[in-house]
Amino acid sequence: MSVVPRNTAFSILKAIAIVLVVMGHSGAPGALNSFAYMMHVPIFFLCAGYFFKIESLATGGSYFKKRITGIYLPFLRWSIALLLLHNIWFFVGVLNETVGNGTGVLHPYNWQMFSQRLWSIVFNMSGYDEFIGGSFWFFRAFFIASVGFWVLMRVLHSFTFFSNNARRGWMAVGVSVVLIVWMLSSNLRMTGVAQGGYRELTGLLFMSMGFLIREYECRLSAGWKVMIFYALLLVLFTLYWHSAMTPGATFSSFFALPLPALVGFLFWLNVAKWINRYDNGFKHILVYIGNNTIYVFAFHFLAFKLVSALKIALLGLPWEQLGAHPVIAVTSAFDPFFLLYTIVGIAVPLLVERVWRIGTANIHVPYDRIVMVLMTLLLKLCQRGIYWLKNIGKIGQVLVAMVKELGRILKETSRPSED
């Protein structure tokens, strides 16, 4: 087995992947957009599988704790924050009920809608703002796929035949493919999982593939001839059979995804290793981006609004166009604003995160503790509510008896005196 330390080459690889994610949402030209979508999100799942440690099977508690603190709790904090801001976006014009995207527009929430979305955010990682938080599906898919991969590997670990990591990896790939084919052929959905679970199963497949890559990496050549072959394959898939990790997949779109995603991972990994050889500012920027991709993933849609406002001002567009998601519609084959969208979508979230980190360096805000206290308070309120519901009948009976007694007294005192 080839044990590879988590080095800066993989930080650079993740930086490249997040650039492709933002570019894919920026209104980039068709071919460039298709190229990005084939591999950008799969690279993150492949990296997760690549660095999966068999030792974690014996310490499941720490593995799940890391997933909760690193994926679920950030999702929870940011989703609730955007939920609280949702109606304010309409007041300031960031969102409106006139312009949206191809699926429609958003509307302000009433109390019932707010409450339902809050419950969905907490209990099944859905209900987030479809536009400003449109990329938050990744947190759910990554969380479920990570848990599912651990469970699958734990089951395989219990069989002597799968004591070899390569056998475990191949079996995990096979199980993932069978589940996805079963889902697509029978039109199945994961009950309780938003969007049906296809992305989660695909994430499981890519984690399995990443696990296998580490086992066979010593046999994978990275010479210039192989790199040219990788590039040609990616161009062919981009032009003739591109796909993406999107819900509502077909057999064709599913089978068109794993190979270019794998080739893209290997191609950009070798590019990242080449960049990593040189100690310069470009490398340091990419490493910083790669180590903080979660902020870019979460907030690049919100950062896009700054570029949309600039585009409205420069082109004299109606202010309602600010509500367009994710960017103001491209009106030509090539819209150079996609470059600005990409730069701002990466730079602004990282800049805000950096300023926040410096400003709070000496201030410890126990967010996780606050969340736990709020959830405990909610539970106690529910318990108190149940208590009152149980006793409301008795309270009503006492009130009725008091009213009857008061009526009797008033009736007696109002009778004429017999004297």
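1. Is F35 buried or exposed? In this predicted model, F35 is buried, with a relative accessible area of 18%; the cut-off for buried is under 20%. The residue belongs to helix α2, which covers residues 30–37.

2. Leaving aside residues up to four places away in sequence, F35 touches L20, L234, T238 and W268. The C-alpha atoms of F35 and L239 are 8.6 Å apart, although 204 residues separate the two along the chain.

3. Two of the residues touched by F35, L20 and W268, also take part in the contact between helices α1 and α11. Helix α1 spans residues 8–24 and helix α11 residues 258–276; their axes come within 8 Å and cross at roughly 125 degrees. The crossing of α1 past α11 is right-handed.

4. On the α1 side, the contact is made by T8, A9, F10, I12, L13, I16 and L20. On the α11 side, the residues are F265, W268, L269, V271, A272, K273, I275 and N276.

5. Aromatic pairs: a search of the whole structure finds 41. In one of them, F138 and F139, the ring centres lie 6.2 Å apart and the planes stand at 70 degrees, so the pair is edge-to-face; the cut-off for that class is over 60 degrees. Both residues are buried, F138 with a relative accessible area of 9% and F139 with 3%.

6. F251 and F255 form a stacked pair, with 6.4 Å from centre to centre and 15 degrees between the planes. Both lie in helix α10 (residues 251–255), and because they are four residues apart there, about one helical turn separates them. F251 is partly exposed at 34% relative accessibility, and F255 is also partly exposed, with a relative accessible area of 44%.

7. Which ring does the charged end of R67 sit over? The ring is that of Y63, and the charged end of R67 is 4.1 Å from its centre. A further arginine, R199, lies over the face of W137, at 3.7 Å from the ring centre.

Terms used: Residues numbered from 1 in each chain as written. Predicted model: local features only at pLDDT ≥ 70, side-chain atom pairs only at ≥ 80, totals over all residues. Heavy atoms only, no water. Phe/Tyr/Trp six-rings, centres within 6.5 Å; stacked < 30°, edge-to-face > 60°. Buried < 20%, exposed > 50% of the residue type's maximum accessible area, 1.4 Å probe, protein only. Lys NZ or Arg CZ within 6 Å of the ring centre and 35° of its normal. Contact = heavy atoms within 4.5 Å. Axes fitted to C-alpha atoms, helices over the stretch in contact; angles between N-to-C directions. Left-handed = near helix turned anticlockwise from the far one by under 90°.
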